[in-house]
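Open the model in your viewer and keep the selection panel at hand. The stops below cover ring pairs and a helix contact.

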Number of protein chains: 2
Amino acid sequence: MEKARIGIFDSGFGGLTVMRAVCDLLPSEDIIYFGDTARLPYGNKSKATIVRYSVENANFLVSQNIDVLVIACHTASCLAKEQLQKILPIPVIDVISPSVKLAISQTKTKKIAVLGTYGTISSGVYQNELRKLCPEIEIFPVACPLFVPLVEEGFTHHKATEIIAKEYLTGLAHKGIDVTILACTHYPLLVEVIQKILGEEMILIDPAIPTAEKTRLVLEKGPSSSSLSPTYQFFVSDNPQKFGQIGSKFLKKTIASVSLQNVDPQDNDLKQPAFAL
Amino acid sequence: MEKARIGIFDSGFGGLTVMRAVCDLLPSEDIIYFGDTARLPYGNKSKATIVRYSVENANFLVSQNIDVLVIACHTASCLAKEQLQKILPIPVIDVISPSVKLAISQTKTKKIAVLGTYGTISSGVYQNELRKLCPEIEIFPVACPLFVPLVEEGFTHHKATEIIAKEYLTGLAHKGIDVTILACTHYPLLVEVIQKILGEEMILIDPAIPTAEKTRLVLEKGPSSSSLSPTYQFFVSDNPQKFGQIGSKFLKKTIASVSLQNVDPQDNDLKQPAFAL
């Protein structure tokens, strides 16, 4: 049985939490990861821009002969999933649908909180998907824009992060919410702070887990579909060295080699400027 | 006497603090501002990427018939100034040289701190320029990467910002430093927090002021070179509406109209994808 080749993209290294879950569940398959570090973050940018970037990222991965594409970025999943599913000739898996299904299956109170970037929250996509599956659900969406830079600076257990998290999450107390979706790949790294504020009873959904499960289902693969070791390749649009260093923390594996890849189709070298000597 | 047309670019709205200073000093001249909001922030990206983005931004402004270009972004000033000065047929003003001159003229202890993004600090450009003017100067560079997102979220007077600022700046105490350069356009919005931590005696240099003064000198214009009202035009590569809202806070003027402008030369529309229906 031939090994599958899984393509995963994100705006940066956050999507490595999704890759980690995929590696755990499908340890034999090959994975090619692209992080769009030259244009990150995606969280505050417009739909048109995110769609354009996502199509460029996906085209690069498809050119690497992948069998399935995983959009590991929540903002891109919200804003570009439909477009990618329309134009690509392979299955496209996003992080939202699997998380929404799991959240609905876990809630008893039918009250679910969703924490994400401005882009994710204001797109309303999580809200729509939850309501599609369970029309009577009550949803509490909260944009937490500072969580990503705090995680990227390693402030995961910092006093300042606790203060900011309390401020973001204070409106969720005493509402009867029993499930919270961490709708950004960086947020699972803040799970301890968030759990402390929301209480030990709160079920926190890390979308990486159900997304990996969905990938397994789509590929119809088991944990040991091949006796060959898997190949992991990493490409980024900027700062490969930094990606290797910080990324290892997200992936919980050493990232030995990262290649620079400009996916902007016409921009593969510094352009001839309009004015030159 | 004909009015000058001044082009200013930044990765986002931070450069509006520079535009504000230019407006104050040269209230009759026309200004065209470009914010590269689709690709911001610049602070953590590589030199090659920042040079490419800066050349594209500058080419757009030059196509709008400007007489002088002001690089209002510290990271771009550090990493792309030389390239822009080489290829553009008009004077190029950066935020660094004027700030360095002012800082040297103000210090008595010959000990200067520089606060900036990772890109600005690790480029070593501020350090080199300071040493060129004053070889015996002692320099204390500090990267403060969370200041930009904190300012952009409006956390300018927040407890969490104070805690983070204290952590960043604690190493500067009791060193005899008497001048600190706020080497990022966002940092002047944190002037109260920074002044409180560094003490009332510390001279804080906001680069917008000497940069505006340098622009006046280059253009050889006075405060009322024309009886005609000035024209201000704003272009961004993403989210014009958000730019108008947040930008007004930086500019301290209402921004009535912002146009969307893609400066990526080949990317003026969503590309024909490699795979399409």
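This is a predicted model: local features need pLDDT of at least 70, side-chain atom pairs count only at pLDDT 80 or more; totals for chains, interfaces and linings use all residues.

Select B:Phe147 and B:Tyr187: both residues are buried. Their ring centres lie 5.1 Å apart with the planes at 85°, and since an angle over 60 counts as edge-to-face, that is the class of this pair. B:Phe147 belongs to helix H7 (residues 147-152) of chain B, while B:Tyr187 sits in the loop between strand E7 (179-182) and helix H9 (191-198) of chain B; the pair thus links distant parts of the chain, 40 residues apart.

Next, select B:Tyr33 and B:Phe234. This aromatic pair is tilted, with 6.4 Å from centre to centre and 45° between the planes. B:Tyr33 is in strand E2 (residues 30-35) of chain B and B:Phe234 in strand E9 (residues 232-236) of chain B, so the pair ties together parts 201 residues apart in sequence. Both B:Tyr33 and B:Phe234 are buried.

Switch to chain A for a cluster. Ring pairs join A:Phe13, A:Tyr33, A:Phe234, A:Phe243 and A:Phe250. Over all chains, the structure holds 20 aromatic pairs.

Return to chain B for the helices. Show helix H2 (residues 47-63) and helix H3 (residues 74-87) of chain B, whose axes come within 9 Å and cross at roughly 55°. That angle makes H2(B) oblique to H3(B). The crossing is right-handed. To see the contact, select B:Lys47, B:Ile50, B:Val51, B:Ser54, B:Val55 and B:Ala58 on H2(B), then B:Thr75, B:Ala76, B:Leu79, B:Ala80, B:Gln83, B:Leu84 and B:Ile87 on H3(B). Coloured by class, this contact shows nine nonpolar, three polar and one charged residues.

Definitions and conventions
Residues are numbered from 1 along each chain as its sequence is written. Chains are lettered from A and ligands numbered from 1 in the order in which they are written. Side-chain values use heavy atoms; hydrogens and water are left out. Axes are lines fitted to C-alpha atoms, for helices over the stretch in contact, and angles run from 0 to 180 degrees between N-to-C directions. Helices (H or I, at least four residues) and strands (E, at least two) are DSSP runs, numbered from the N terminus. Angles under 35 degrees count as roughly parallel, over 145 as roughly antiparallel, 65 to 115 as roughly perpendicular and the rest as oblique. A crossing is left-handed if the near helix is turned anticlockwise from the far one by less than a right angle, and right-handed if clockwise. Contact means heavy atoms within 4.5 Å. Ala, Val, Leu, Ile, Met, Phe, Trp, Tyr, Cys and Pro count as nonpolar, Asp, Glu, Lys and Arg as charged, and the others, Gly among them, as polar. Rings of Phe, Tyr and Trp (its six-membered ring) pair if their centres lie within 6.5 Å; planes under 30 degrees apart count as stacked, over 60 as edge-to-face and the rest as tilted. Buried means under 20% relative accessible area, exposed over 50%, partly exposed in between (1.4 Å probe, protein chains only).
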